[in-house]
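Subject: The structure you asked about

Hi there,

Here is the structure I promised to pass on. Have a look at it first, and then read on for what I found.

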Amino acid sequence: KKFPNFSIVQREPALDNALRPKSLSEFIGQEKIKERLALIINAAKKREEAIDHILFVGPPGVGKTTLALIIAEEQNTQIKMISAPSIQKSGDLIALLTGIEEKGVIFIDEIHRLSPSLEEILYSALEDGSISIVAGKGPGGKVLSLKLPPFTLIGATTRPALLSTPLRDRFGFIATLDFYTHEEMVKIIERSQKILGLNLSYESIYEVAKRSRGVPRIANRILKRIKDYVDLRDNKNIDLTETKKVLELIGIDENGLDELDRKILFTLKDKFSGGPVGLKTLAAVLNESPETIESIYEPYLLRIGFIQRTSRGRVITPLGLAHIMRYYHDQ
Ligand code: ADP
């Protein structure tokens, strides 16, 4: 029987790995969360116990996985990482739980996507520190209780409301990570560009920060494209005009909107006369899943006031309309 390989779910390209902060002090921003984490980690170390279970809540790309890796690093233990949708059978989850070393960390990304039966197994593992396994079928079958070593569960989610209340209550610390401020983004970009061996002008750093929507992953992605551009020549300096050229090439506009963001606005405007339109209908027309639209794209468009959510569906705002008209006019 083939067991799933839990250790590293997606093999990270070396560059992404190099960009990840390796300690709390290297991790920029989210000061209150770092303070709480340092306290939790140090207390657990002193008591020689496993760190309490932690739930990271926040949009994609703001550092949830990075913090989980840092915690395992600080605790000097093994970390097993997996994304909830890839756990299909209860056997997979049981193998994951029983295979962890003492004080080890289990990281479950998108934890809100666990099926109810898997959620229940996980809940009982956290509640009693053991799991029940049914061995054999029919009258001869037995329920075996398996004691688990003390371990730390770290969950990451964009949608905490979809977790069952009992499971949510088992986390000792629920940390909500926010989008980063402009100043923090500037610091993150300065750090990342150095690691990538680039030399962006201050205006360029400012421009990348402005267009990264407060999300480090987006900033890093832009910097990697700038690196592609610069790697083709000897001069590693890059000024604002060139930075803007790269941004235009990869389709990120003045407001940090990408192709799909603009397609959402355009669809609202042209196909639905500005809205309101329901999420499912909108997603179907865009050929995307409602989940992707709702958790990845909408939050930013709502935040900058380009769309609004009403009881009857999504509508484009005058601000969103003006942006999309200007964009296509300039093209
Ligand atoms: P999430 O798990 O929330 O989707 P990640 O932890 O994978 O996000 O972070 C995405 C990338 O952004 C990482 O590769 C990391 O390099 C970078 N990053 C995230 N948060 C920070 C931060 N506070 N400081 C520096 N880099 C960060």
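This is a predicted model: local features need pLDDT of at least 70, side-chain atom pairs count only at pLDDT 80 or more; totals for chains, interfaces and linings use all residues.

Arg 170 sits in the loop that connects helix H6 (165-169) with strand E7. Leaving out residues up to four places away in sequence, Arg 170 touches His 53, Tyr 123, Leu 126 and Glu 127.

Arg 170 is also one of the positions that UniProt lists under "binding site", in an unreviewed entry.

Once neighbours within four places in sequence are set aside, Arg 20 is in contact with Thr 66 and Leu 69.

Now to the ligand. Which residues are closest to the ligand? They are Gly 63, Lys 64, Thr 65, Thr 66 and Pro 216, out of 20 residues that surround the ligand. H1, H3 and helix H9 (216-231) each contribute at least two residues to this shell. Sorted by class, the shell holds 9 nonpolar, 7 polar and 4 charged residues.

The sheet comes next. Five strands make up an open sheet with parallel pairing, in the order E2-E3-E6-E1-E7. Strand E2 (79-83) and strand E7 (173-176) are at the edges with a single partner strand each, so one side of each has no neighbour in the sheet. On average, and ignoring direction, neighbouring strands of this sheet are turned by 15° against each other. The partner of E7 is strand E1 (residues 54-57), and the two pair in the parallel sense over 4 bridges. Within this pairing, Val 57 stands opposite Thr 176 in E7. Helix H3 (residues 64-75) lies across E1, E2, strand E3 (105-109) and strand E6 (152-157), and runs at about 175° to E3.

There is also a hairpin worth a look. It is formed by E4 and E5, with 6 residues between them, and Gly 136 in the turn has a positive phi of about 80°. Strand E4 (residues 130-135) and E5 run antiparallel and are joined by 6 bridges, and Ser 132 stands opposite Ser 145 in E5. Is strand E5 (residues 142-147) well or hardly covered? It is hardly covered: the count of buried residues among its 6 residues is 0.

Finally, the wider view. An unreviewed UniProt entry gives the annotation "domain: AAA+ ATPase" for residues 50-181. Over that stretch the chain is 30% helix and 27% strand, and the C-alpha atoms at its ends are 33 Å apart. The protein chain has 14 helices and 11 strands, and its C-alpha trace spans about 75 × 50 × 40 Å along the principal axes. Of the 331 residues in the protein chain, 33% are buried. Among contacts between residues at least 6 apart in sequence, 72% join residues at least 24 apart.

Best wishes

Conventions:
Residues are numbered from 1 along each chain as its sequence is written. Two strands pair if DSSP finds at least two bridges between them. Axes are lines fitted to C-alpha atoms, for helices over the stretch in contact, and angles run from 0 to 180 degrees between N-to-C directions. Two residues are in contact if their C-beta atoms, placed from the backbone, lie within 7 Å. UniProt positions are given in the numbering used here, feature names are shortened, and annotations may be inferred rather than shown by experiment. A residue is buried if 20 or more other C-beta atoms lie within 10 Å of its own, exposed if 12 or fewer, and partly exposed in between; C-beta atoms are placed from the backbone. A residue is near a molecule or strand if its C-beta atom, placed from the backbone, lies within 6 Å of it. Ala, Val, Leu, Ile, Met, Phe, Trp, Tyr, Cys and Pro count as nonpolar, Asp, Glu, Lys and Arg as charged, and the others, Gly among them, as polar.
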